[in-house]
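Subject: Structure handover

Hello,

Here is the structure I said I would pass on. Please open it next to this message and follow along.

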Amino acid sequence: MFLATTVLGGALPPDAERHLRAAGLNYPDDAVAERHLAAAAALAPDHAAVLIGRYRYFFYKGRWAQALAVAEQCLVWAARHLGLPADWTEVRRSAADFDDYDAVLARFYLFTLKGYAYLHLRLGQLGEGQQAARKLLELDPADRIGGQVLLDVLLRLEQGDDDD
């Protein structure tokens, strides 16, 4: 627990944690779950647990545009805590320890960038999705996070367009 609370922004205020738990318990009821997510965000708007909770909620509901908005917030949050440029296109491989799988913040950044790329693909924004997937592979050339899979999907989509 120490690692998670230290790396992901410190202890979550108890009321925010209560609202996150309630949002999860009420996942099938959008109105109730979203009220709890909003309350958690009001109490701890810049806490990683709140950002992750909101992202997962929208992602698993298939609400891609809302999940993307939260993914963008997560990228900015992680960049700030890693001392990276806020614009992911300006991040260089040497700027953080992206090779160390135990570097939790760097790994969080990479997974967030993967989610960002995936969501752009889901939304039909193939150029932005491809650019983000390529950046992911630049930062993670060993492809431990799985950026190549996104590029492979994009290639299949592009080849499908040629068949029409």
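Below are notes on a helix pair, a histidine and a further helix.

Please keep in mind that this is a predicted model.

Helix pair. Two packed helices are described by the angle between their axes and the distance between the axes. For helix α3 (residues 30-43) and helix α4 (residues 48-60), the axes come within 10 Å and cross at roughly 155°. Angles over 145 degrees count as roughly antiparallel, so α3 is roughly antiparallel to α4. The crossing of these two helices is left-handed. On the α3 side the contact involves D30, A33, E34, L37, A40 and A41, and on the α4 side V50, G53, R54 and Y57. Sorted by class, this contact has six nonpolar, three charged and one polar residue.

Histidine. H19 sits in helix α2 (residues 14-25). Is H19 buried or exposed? Its relative accessibility is 13%, and buried means under 20%, so H19 counts as buried. Leaving aside residues up to four places away in sequence, H19 touches H36, A39, A40 and L43. A40 also belongs to the α3 residues that meet α4.

Helix α5. This helix covers residues 64-82, which is 19 residues. At 1.5 Å a residue it should span 27 Å, and its end C-alpha atoms are 26 Å apart, so the two values agree. Buried residues in α5 include W64, L68, C74 and W77. Just after α5 comes G83, which has a positive phi of about 75°.

Regards

How values were computed:
Residues are numbered from 1 along each chain as its sequence is written. This is a predicted model: local features need pLDDT of at least 70, side-chain atom pairs count only at pLDDT 80 or more; totals for chains, interfaces and linings use all residues. Side-chain values use heavy atoms; hydrogens and water are left out. Helices (H or I, at least four residues) and strands (E, at least two) are DSSP runs, numbered from the N terminus. The expected span of a helix is 1.5 Å times one less than its number of residues. Buried means under 20% relative accessible area, exposed over 50%, partly exposed in between (1.4 Å probe, protein chains only). Contact means heavy atoms within 4.5 Å. Axes are lines fitted to C-alpha atoms, for helices over the stretch in contact, and angles run from 0 to 180 degrees between N-to-C directions. Angles under 35 degrees count as roughly parallel, over 145 as roughly antiparallel, 65 to 115 as roughly perpendicular and the rest as oblique. A crossing is left-handed if the near helix is turned anticlockwise from the far one by less than a right angle, and right-handed if clockwise. Ala, Val, Leu, Ile, Met, Phe, Trp, Tyr, Cys and Pro count as nonpolar, Asp, Glu, Lys and Arg as charged, and the others, Gly among them, as polar.
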